[in-house]
Amino acid sequence: LLRRFETFHLLISAFSNAFEALPVLLYTLFLIALGFAGLVYAVELKSNIGSPIDALWLTVVTMSTVGYGDVVPLTPAGKVVMGGLTVVSGLYMAIPIGIVGSAFSKVWEEREHLL
């Protein structure tokens, strides 16, 4: 099937080139999640966020933009922290798209050599 779609190999090549940046992106994502989880645990009521794991859950759900609604910030400081996390994670999630787009652009320019 892939023999019929030769340009699909370009996409696979672009993703394999962008895959090299994955460890740095995951490390940065981990740092953002832990940092904001610590902040929200420090500023939220303990009756709302009872443990650091609960704070990490709220942070991961917020970063992924899923927003289950099972845990929400109640204090004004918690809302500010979660609002900041929403902005930071939205900007951060755009980075991998740019990396893959740049890799695809480079592969597309070299398509005669690759195909």
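Visitor: At what angle do the axes of H2 and H4 cross?

Guide: First, this is a predicted model, with residues numbered from 1 along each chain as its sequence is written. Local features need pLDDT of at least 70, side-chain atom pairs count only at pLDDT 80 or more, totals for chains, interfaces and linings use all residues, and side-chain values use heavy atoms, with hydrogens and water left out. Now, the axes of H2 (residues 22–43) and H4 (residues 76–109) cross at roughly 175 degrees and come within 10 Å. Helices here are DSSP runs (H or I, at least four residues), numbered from the N terminus, and axes are lines fitted to C-alpha atoms over the stretch in contact, with angles from 0 to 180 degrees between N-to-C directions.

Visitor: Which residues of H2 and H4 meet?

Guide: Leu25, Ile32, Phe36 and Val40 are among those in H2, and they belong to a contact that includes Val81, Met82, Leu85 and Tyr92 in H4. The residues of this contact divide into 18 nonpolar, 3 polar and no charged.

Visitor: Why is Ala42 called exposed?

Guide: Ala42, in helix H2, has 59% relative accessibility. Exposed means over 50% relative accessible area, buried under 20%, and partly exposed in between (1.4 Å probe, protein chains only), so Ala42 counts as exposed.

Visitor: And what about Thr65, buried or exposed?

Guide: Thr65 comes out at 66% relative accessibility, so the label is exposed again. Thr65 sits in the loop between H3 and H4, and its phi is near 60 degrees, a positive value in a residue other than glycine.

Visitor: How do you know that the buried residues of H1 line one face?

Guide: Leu10, Ser13, Ala14 and Ala18 are buried in H1 (residues 8–18). Seen down the axis, they fall within an arc of 130 degrees, so they line one face of the helix. That arc is taken from the directions from the helix axis to the C-beta atoms.

Visitor: Which residues touch the most other members of the largest nonpolar core?

Guide: Ile32, Val40, Leu58, Met82 and Leu85 do, in a core of 15 residues. A nonpolar core is a set of buried Ala, Val, Leu, Ile, Met, Phe, Trp, Tyr and Cys residues joined through side-chain atoms within 4.5 Å. H2 gives the largest share, 6 residues.

How values were computed
Helices (H or I, at least four residues) and strands (E, at least two) are DSSP runs, numbered from the N terminus. Contact means heavy atoms within 4.5 Å. Ala, Val, Leu, Ile, Met, Phe, Trp, Tyr, Cys and Pro count as nonpolar, Asp, Glu, Lys and Arg as charged, and the others, Gly among them, as polar.
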